[in-house]
Amino acid sequence: MRIALCVVLMLNLVGLEVAGAEKIPVLFDTDIGTDIDDAFALALILSSPELELKGVTTVSGDAGGRAMICCRFLNLAGRKDVPVAAGKSSHTNSAIEGQYQYGRRPNWGKGPVKESAVDFLYGRLKADPGKLTLLSVGDLTNVGQLITEHPDCKPWIKRIVMMGGAVRVGYNAKPPAEAEWNIKSDIKNAQVVFASGVPLTVAPLDSTTMLQMDETMRQKIFGAATPVTNQVWQLYQLWDKPTPTLFDPVAVMLCFDQSLCTMEDLCLEVDDAGLTKEVKGGKPNAQVATSIQRDEFLKWYVNRLTAASGKPLAKERLRNVSKPVARGGLPNRVHAFEDFETDIERRWWLVGKLETKNVPPGSSRACRGVLSVDFDDQQGSANRLYTAVIFNPVPGPPMGKNPRISFRYWLKGAADLRVQLYSLSNGYHRQLTLTGLPQEKWESATVDMTAARRPDGSGGPLSEDERIDDIQFYTDPSAELIIDDIVLYDAAQETEKRPFPERVHYTGWFDTGAQGREWPGDFAIVPKEKPLTWKAAKSVDNVAIGAPWIRLHLRGERIMGETTQATFRYKLSGADAFKVVLVNRTQKRENAVQLKGLKQDEWAEASVEFKEGDAPKKGDKVDEILFLLPKGAELIVDDVLLFAPGPHD
């Protein structure tokens, strides 16, 4: 009886949960999105019945982007009830690389709350004083600012459990020669936290730096395919490194179980270099995990995350099976394209990562598929993963009568490929599926998107002037998929004799989006006269040259091919000639062609071939197209297409 009583007392002293006790409420402060151990820590929280996650705050760098990662993770893991608050961001624009891509969409639920991280923490502590544990696994900016700005909250914090510092062991299991990352990232606020008098439980490098997870462990976790492990799997793939070290999950475990660690009561302080110093003879201010049973911890962690794994999902039924079609001649209009050769549209790559080794002939870059859920949040499944490439053609082009998508692909491990579009006009997705595709070689395909339907067969075909968003490619999650040279276009007229472009460099159609943002340059966007619809680009006066012009900036430098052509529709008045110029502002290089004998006061189409002497060479870069007019003239242009012509059949 005495032994049992002693055990209970000991468990209470170290903050462990015993049978029948209430869950431990925690507020999780994280810099998720940099290293991958934060994702593994969040997964452990959600997989631990001992813990009740009451909220998440993000810290460091692009804290807003980190908050979006947390929102999507929680929403797709079935925890939409958990609020997320972003800390102060040092970035003006959200990051798009690595794990940040995961947070861009779809979230399948709520976004961050409007409160700042510090205000959020203060409000939750005030509402539940003395009961909440702050679990910090990033730098201590939020926690330090909370204590500095609201010192009255210190008695409301049950304790702070943190991953940070290095007492006797540093990186690579050697004596600490440098400050641990979380501490040195904000030394001032780390000093505030360690001197605050709030009870601390610390998982330093002494007990975390040796916890590398091998491939067998990772496969077991990801193979569980639970809503939680699926989110970690996606983030791990975007992290793009082989071996994670589970620094942060140790701090999570210490919230409710310290049995695998050697715990010591120490007096710790942070010096001005960020080193965590043990003050001999000082009054202890922290429980410190100075060592850990490595193999036992890793086994425990894997078992905990895989305990909830259930039956595998039944094989998904292929819907709206279709066949490739001929891509035809020069498109009537190119709505959007992406060849991945530059970073100009990289902010629009919603799913996928750059591929530079396995690329098709004539390309130097392509896009490799990564794991994603279906973006269809109405008739898709949030529990299934796919290998996917998704590109968002801002600013949402309106379709023509015969929308098609041409692309190149490389598949391994699957012979099926789903192509999907999102309708901005109707608010739902349409899809079609190609089957029996060849594998392990580069192929080209074109699909007729008038054949696409919603997964249940409803929705009807894409209609003229319907605006779309998100060009999506999905295949089996175990497969490899690489996509290149996406062209969304309106099929060529039956009388069109010119071949489909070998490569598209720029398309300008001006119907949606703003001049200066989506369509940078010098011109005015104006409505077209009835019966024509939508908009076009009109010339403006150039004071420097004393004549009107249109300057279309290509949003960046486009790499030219062997030959270069341009087509466009125009309405010209006050002249029968003007000059078309390709420009590279950085290199101060111009290639000009004079057009003469043009129609006036009616819409017409013109083609320009930049010939030898007037043409950019292969590999040259162009960042502007100029239309230079004589004084008194006026020009309106639409459907500007700059391209490398394809071979004739």
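## Nonpolar cores

A nonpolar core is a set of buried Ala, Val, Leu, Ile, Met, Phe, Trp, Tyr and Cys residues joined through side-chain atoms within 4.5 Å, where buried means under 20% relative accessible area, exposed means over 50% and partly exposed lies in between (1.4 Å probe, protein chains only). This is a predicted model, in which local features need pLDDT of at least 70 and side-chain atom pairs count only at pLDDT 80 or more, while totals for chains, interfaces and linings use all residues. Residues are numbered from 1 along each chain as its sequence is written, and side-chain values use heavy atoms, with hydrogens and water left out.

The largest nonpolar core has 76 residues, and the members touching the most others are Phe28, Phe40, Leu53, Phe73, Leu135, Phe297 and Tyr301. Helix 2 (residues 37-46) gives the most to this core, eight residues; helices (H or I, at least four residues) and strands (E, at least two) are DSSP runs, numbered from the N terminus. Another core, of 34 residues, lies apart from it and includes Trp509 and Phe578.

## Helix 11 and its partners

Let's look at helix 2 and helix 11, which pack at about 60° with their axes 9 Å apart; axes are lines fitted to C-alpha atoms, for helices over the stretch in contact, and angles run from 0 to 180 degrees between N-to-C directions. Helix 2 is therefore oblique to helix 11 (angles under 35 degrees count as roughly parallel, over 145 as roughly antiparallel, 65 to 115 as roughly perpendicular and the rest as oblique). Phe40, Ala41, Ala43 and Leu44 of helix 2 make the contact with Trp300, Tyr301, Arg304 and Leu305 of helix 11 (contact means heavy atoms within 4.5 Å).

Helix 8 (residues 215-223) also meets helix 11 (residues 294-306), with axes that come within 8 Å and cross at roughly 15°. These two helices are therefore roughly parallel to each other. On the helix 8 side are Met217, Lys220 and Ile221, and they meet residues of helix 11 including Leu298, Tyr301 and Leu305. Phe40 is in contact with Ile221 and Tyr301, among others.

## Helix 4 and its surroundings

In helix 4 (residues 117-127), the buried residues are Ala117, Val118, Phe120, Leu121, Tyr122 and Leu125. Among the elements they pack against are strand 1 (24-30), strand 2 (51-58) and helix 5 (141-149).

## A look at Gln594

Gln594 sits in strand 32 (residues 589-595). With 41% relative accessibility, Gln594 counts as partly exposed. Neighbours within four places in sequence aside, Gln594 is in contact with Ala577, Phe578 and Lys579.
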